[in-house]
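Trainee: I have just opened a new model and would like to learn how to read its features. Could you guide me through it?

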Amino acid sequence: MATIEEIDVQEDSGMGSSDIHSPEIKSILPDDEEDEEDETIAERLLGLTEMFPEDVRRVVWNLGTGLTSGLKSFYSFSCSATWIMFSSSAILFAPILFEVERSQMEEAQRLHQKQVLLGSRVGTGMAMAPPVPR
């Protein structure tokens, strides 16, 4: 079975699968990368850091750790501040909201009682005028 690289080479060069295994062709083609170990991204980045002087690496490390620490602290503070703000507003404004709702309910009950006792026009503000004598 041919690998993807062999298929790409075959399509580019017009060679068949038997041609790819001949010693002449193998010497021309680049070696397979099977001999090389796979590197992770972290290993590559670590290898790239070796080209910078120690002072630069130390400054970048300190900057990165300081930034990470600062972001963690800011996140923790913002979580705490949000919790304090919302819980305080619920404690402070809930009684006010309950009292407003209670006064509206009492007003609605008074209006309903007036409608029942005096007729339907009292509740709408259109009280019946007394009849005019003739």
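Trainee: Which residues line the second largest pocket?

Mentor: Keep in mind that this is a predicted model. The lining consists of Thr 49, Phe 52, Val 56, Arg 57, Val 60 and Trp 61. The volume of this pocket is about 180 Å³.

Trainee: How do the lining residues divide into nonpolar, polar and charged?

Mentor: Four are nonpolar, one is polar and one is charged. Helix H5, residues 54-118, gives the most to this lining, with four residues.

Trainee: With which residue does Arg 57 form a salt bridge?

Mentor: A salt bridge needs a side-chain nitrogen of Lys or Arg within 4 Å of a carboxyl oxygen of Asp or Glu. Here the partner of Arg 57 is Glu 54, with the closest N and O atoms 3.3 Å apart. Both residues lie in helix H5, three residues apart, which is about one turn of the helix.

Trainee: Why does Arg 57 count as partly exposed?

Mentor: Partly exposed is the range between buried, under 20% relative accessible area, and exposed, over 50%. Arg 57 has a relative accessible area of 30%, so it is partly exposed. Glu 54 is partly exposed too, at 44% relative accessibility.

Trainee: How many salt bridges does a search of the whole structure find?

Mentor: Seven. Some form a network linking Glu 99, Arg 102, Glu 106, Glu 107 and Arg 110. Within helix H5, Arg 110 and Glu 106 are four residues apart, and their side chains meet in a salt bridge of 3.9 Å, N to O. A polar contact of 2.9 Å also joins the side chains of Arg 110 and Glu 107.

How values were computed: Residues numbered from 1 in each chain as written. Predicted model: local features only at pLDDT ≥ 70, side-chain atom pairs only at ≥ 80, totals over all residues. Heavy atoms only, no water. 1 Å grid on protein atoms, 1.4 Å probe; cavity = no way out; pocket = protein on both sides within 12 Å on 5 of 7 lines; lining within 4 Å. Points joined across faces, edges and corners; volume = space filled by probe spheres on them. Helix = DSSP H or I, 4+ residues; strand = E, 2+ residues; numbered from the N terminus. Nonpolar A, V, L, I, M, F, W, Y, C, P; charged D, E, K, R; others polar. Polar contact = N/O pair within 3.5 Å; in protein donor to acceptor, adjacent residues only side chain to side chain. Buried < 20%, exposed > 50% of the residue type's maximum accessible area, 1.4 Å probe, protein only.
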